[in-house]
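Welcome! Have the structure open beside you as you read.

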Amino acid sequence: MAELVAYIVAGLATGAIYALAAIGFTLVWQTSQTINFAQGEYVMLPAILILAGVSFFGLPLWAAALLGGLVFVAVFGAGFKIAVVDPMIRHGVLPLAIATMALAIIMKEGAKDFFSSEAQTFPSPFPAGAVDILGVSLSIQHIAIIAVAFIAIGMLQWFVSRTRTGRQMQATAQNPGVALILGIPVARMVMLTFAINAALAVLASVLVSPLYLAKFSNGEVIGLFAFIAAIVGGFNQVRGALGGGLIVGVVDSLAAAYISSSYRLAVPLALLVLIILIKPEGLFGRREERRI
Amino acid sequence: MTRFTRAGVLALATTLAFAVVGPATAQERVKLINVVELSGAGATAGTQWRNGIDLAVADINARGGILGRQIDMVHYDTQTNPGNTRAAVQRAIDEGTYSVLGPVFSGPIGASMQIAQRAEIAQIVGGEAAGLTRQGNQFLFRTSLSQAAAMPKLATYLKETVKANRIAIVWVNNDFGKGGRDAMLPELQQRGIQVALDVSTEQGQADFTADAIRIRNANVDAVFVYLNEDESARFLLAARQQNVGKPMIGETTLLGARVIQLAGEAANGARGHVGLSIDAPVPAFQDFGRRYQARFGIASDHNGLKGYMAVHMIKWATERMGRFDRKGVADTLRGATITPQMEPGILITTRIEANGDLDRESFLAEVEGGRQVIRSTLPMIRP
């Protein structure tokens, strides 16, 4: 039983990272009705930028993290909206989705060519080792990741549902036309959504890189699992992305433990197919109907 | 009648001069192409191998080259992809490489070695999978001990030094990992060591938490870790996260400088057998390690040493023949014993078996305080 709890906690920690990335899918979907296929690279790149700040500019880690995070949010949050979404969305959702695929390749190859193709150590903000809780040995980092991710997602939920700006964001996501008539600054709300997505990616990057090491190819796995998580949970709900992330993380952990690491990717994919067949809107998603 | 202007005569003279001097200059150079993993899962190993080669080429060129010819070095990135590796080896041969260097990962070597064999060009590789030299390829040469040579030493170490009777094996499911596991199992069986937990992992795997928890809860005396560089570091980090308090035993890669750098404190306590190490009590290794560090700003692992030795194997064979002969390189290397007196760049006495395997001294080591510490030197298998 203690072993099972350890696997579940480990899965929740990984799932919390997937959830942060999956929320990005949800936010972009809500504002532009498209899928950002560069979402995995959004989680990969901030760690690389932070390390570049340390090695190229000699900044202390905290300053590099602050600067790297701000640069990332500006370039890949606001910049992404201005340079990629705005020009492409006029031509439909598909060109935009393809543009995000191109962006993913550019981010990955850029990280490889301008920084390093090798894995790099990324310092953990939390101590290493494990603690015994009710007879179960649990990783301190995992507990911290779960706590930080939940606090971040909780704050996001609070912001979206309890603040004026958050409600304006929700209105924009639900019906931009009506929101504009009601005097909501739709363009600013969309920009804010993209900035929040980038900020969550920075957080996920800082949390996961000490465990996975910072490497240009990290986005492939994280992006895939986050995508599965978003579909399993429900693409149009933040709570769906959260639930989906946690479920996929736990399923992945249990698959690695009780089946084999070799088949661990197959199990979440099987779950994905099952959800699409049984509940296409996702476990926590809202059914959407569109007139074509 | 054609009228020659002064400028026209000058241009003609310049062209003729280049026509005469150009080929002569080209004849004074020799082209070597390195086909290696500079991105993808093998980037860490491949980058070290490339750096070692670059250092060797700089040294050789500074001393006048091979038989007076300077080396032109070209590197092609295989992206750790067997298909790309095949294409790159073919391209290297088409572009007239004198010998093929690389790759490092055993899978891509296995997929591409027939191409150099067909062209009758020596291919000096970094792979350790036992199966590579069992296919009768007369043109393939290792730069490290094969798994068949290393695993008996490690199994003896597990039995006699670690006193392990039940162990867990964590291995990467590629040619390197499977070859190592398959070479290790009979050696363990012969020594009465039981494999209580057999954990297969994937190349490029990022999350080892579940594997670490399984091992923590298994009733084993030690863990034999046989993964590639990045995965070794990630596994050690996960094992530390999960308080896996069992001895981590590995073969060369686990104790490599790059893994120690990536895993940090989590690498402390790891021990086992290493084929090559800049920390070994061999002055030439240590000197190489210092110069590598000075040039590249990082510590060399065994792959850096392998790359350095690979170029010097070609140099030695060519100078031994006294001429540039592509096919002759393989013929000369096969069955040779190269000592540092004969070729200082070989760094340590190395015997090349008829099948391309190597025999040389190796070492037992442990990671202490973020550094690899050599505990003892093991003799050559056939001294």
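## A loop residue to start with

Is Thr80(B) buried or exposed? Thr80(B) is buried, because its relative accessible area is 11%, and buried means under 20% relative accessible area, exposed over 50%, and partly exposed in between (1.4 Å probe, protein chains only). You will find Thr80(B) in the loop between strand E2 (70-77) and H3 of chain B. Its phi is near 55°, a positive value in a residue other than glycine. The names of helices (H or I, at least four residues) and strands (E, at least two) come from DSSP runs, numbered from the N terminus.

Before we go on, a word about the model and its labels. This is a predicted model, in which local features need pLDDT of at least 70 and side-chain atom pairs count only at pLDDT 80 or more, while totals for chains, interfaces and linings use all residues. Residues are numbered from 1 along each chain as its sequence is written, chains are lettered from A and ligands numbered from 1 in the order in which they are written, and side-chain values use heavy atoms, with hydrogens and water left out.

Two packed helices are described by the angle between their axes and the distance between the axes. Angles under 35 degrees count as roughly parallel, over 145 as roughly antiparallel, 65 to 115 as roughly perpendicular and the rest as oblique. The axes are lines fitted to C-alpha atoms, for helices over the stretch in contact, and the angles run from 0 to 180 degrees between N-to-C directions.

Which residues of the two helices meet? From H3(B) come Pro82(B), Thr85(B), Arg86(B), Val89(B), Gln90(B) and Ile93(B), and from H4(B) come Pro108(B), Ala111(B), Ser112(B), Gln114(B), Ile115(B), Ala116(B) and Arg118(B). Contact here means heavy atoms within 4.5 Å. By class, this contact of H3(B) with H4(B) has seven nonpolar, four polar and two charged residues. Ala, Val, Leu, Ile, Met, Phe, Trp, Tyr, Cys and Pro count as nonpolar, Asp, Glu, Lys and Arg as charged, and the others, Gly among them, as polar.

## The loops around H4 of chain B

Look at the loop between strand E3 (100-101) and H4 of chain B, where Pro103(B) lies. The peptide bond from Gly102(B) to Pro103(B) is cis, with omega near 0°.

In the loop between H4 and strand E4 (123-125) of chain B sits Glu120(B). Glu120(B) has a positive phi of about 55°, although it is not a glycine. Its relative accessible area is 35%, so Glu120(B) is partly exposed.

## A strand residue and a covered helix

Next, find Lys31(B) in strand E1 (residues 29-36) of chain B. Lys31(B) is partly exposed, with a relative accessible area of 30%. Its C-alpha atom is separated by 5.2 Å from that of Thr97(B), 66 residues apart along the chain. Not counting residues up to four places away in sequence, Lys31(B) touches Asp72(B), Val74(B), Glu95(B), Gly96(B), Thr97(B) and Tyr98(B).

How many of the 13 residues of H8(B) are buried? Twelve are, and H8(B) is mostly covered; among the buried ones are Phe235(B), Leu236(B) and Leu237(B). At 1.5 Å a residue, the 13 residues of H8(B) (residues 229-241) should span 18 Å, and the end C-alpha atoms are 19 Å apart, which agrees. That expected span is 1.5 Å times one less than the number of residues. Just after H8(B), Asn243(B) takes a positive phi of about 55°.

## Helix pairs in chain A

Now turn to chain A, where the axes of helix H1 (residues 2-32) and helix H10 (residues 238-258) come within 6 Å and cross at roughly 140°. H1(A) and H10(A) are therefore oblique to each other. Their contact divides into 20 nonpolar, six polar and one charged residues.

The axes of helix H3 (residues 61-89) and helix H4 (residues 93-114) of chain A come within 10 Å and cross at roughly 145°. By class, the contact of H3(A) with H4(A) has twelve nonpolar, one polar and no charged residues.
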